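Here's a quick tour of the model shown below. Have a look at the fold before reading on.

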Amino acid sequence: VQLQALGGGLVQAGGFWRLSCAAYGSSLNINAMGWYRQAPGKQRDLVASIFPAGSTNYADSVKGRSTISRDNAKNTVSLQMDNLKPEDTGVFYCHASMWGVNYWGKGTQVTVSS
């Protein structure tokens, strides 16, 4: 499984951005899809995830200002974050799990300037 992400960059605080990720491979049967963030000097933590039936999980820090969605037929996942804060800065990684195996995309840098 290969994960290709689009989006990221430099955004001003209070603004918004949208990240998208597509999974490619044969016989895809993806369970969870989502995004993780790694801030400088910190571990990689969950931002949001979504399961095939639509149930979602969000980190407390982004609840109420983030929306994750997916298209099961296209094997894509998108994350929109509003009211961005400088502490949202980090490298965002697309994640997918299938048959108990975790797959990661290349990280994309998101920087929120104050």
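## Overall picture

Of the contacts in the chain with a separation of 6 or more, 51% are between residues 24 or more positions apart; contact here means heavy atoms within 4.5 Å. Keep in mind that this is a predicted model, where local features need pLDDT of at least 70, side-chain atom pairs count only at pLDDT 80 or more, and totals for chains, interfaces and linings use all residues. Numbering starts from 1 along each chain as its sequence is written, and side-chain values use heavy atoms, with hydrogens and water left out.

The chain has 11 strands and 0 helices. Both kinds of element are DSSP runs numbered from the N terminus: helices are H or I with at least four residues, strands are E with at least two.

## Size and surface

For 114 residues, a compact globule would have a radius of gyration near 13 Å, and the chain agrees, at 13 Å. That radius is taken over C-alpha atoms, and the globule rule is 2.2 Å times the number of residues to the power 0.38. Along the principal axes, the C-alpha atoms fill a box of roughly 45 × 25 × 20 Å.

Buried residues make up 39% of the 114, where buried means under 20% relative accessible area, exposed over 50%, and partly exposed in between (1.4 Å probe, protein chains only).

β7 and β8 (residues 76-81) pair in the antiparallel sense over 6 bridges, and D71 stands opposite T76 in β8. The loop between these two strands holds N75. N75 is buried, at a relative accessible area of 16%. Beyond its neighbours within four places in sequence, N75 is in contact with C21, A22, A23, L28, I30 and M33.

## The nonpolar core

The largest nonpolar core has 25 residues, and W17, W35, V47, V77, L79, M81 and F92 have the most contacts inside it. Such a core is a set of buried Ala, Val, Leu, Ile, Met, Phe, Trp, Tyr and Cys residues joined through side-chain atoms within 4.5 Å. At least two residues of this core come from each of β3 (17-24), β4 (33-38), β5 (44-50), β8, β9 (90-98) and β11 (108-113).

Terms used
Two strands pair if DSSP finds at least two bridges between them.
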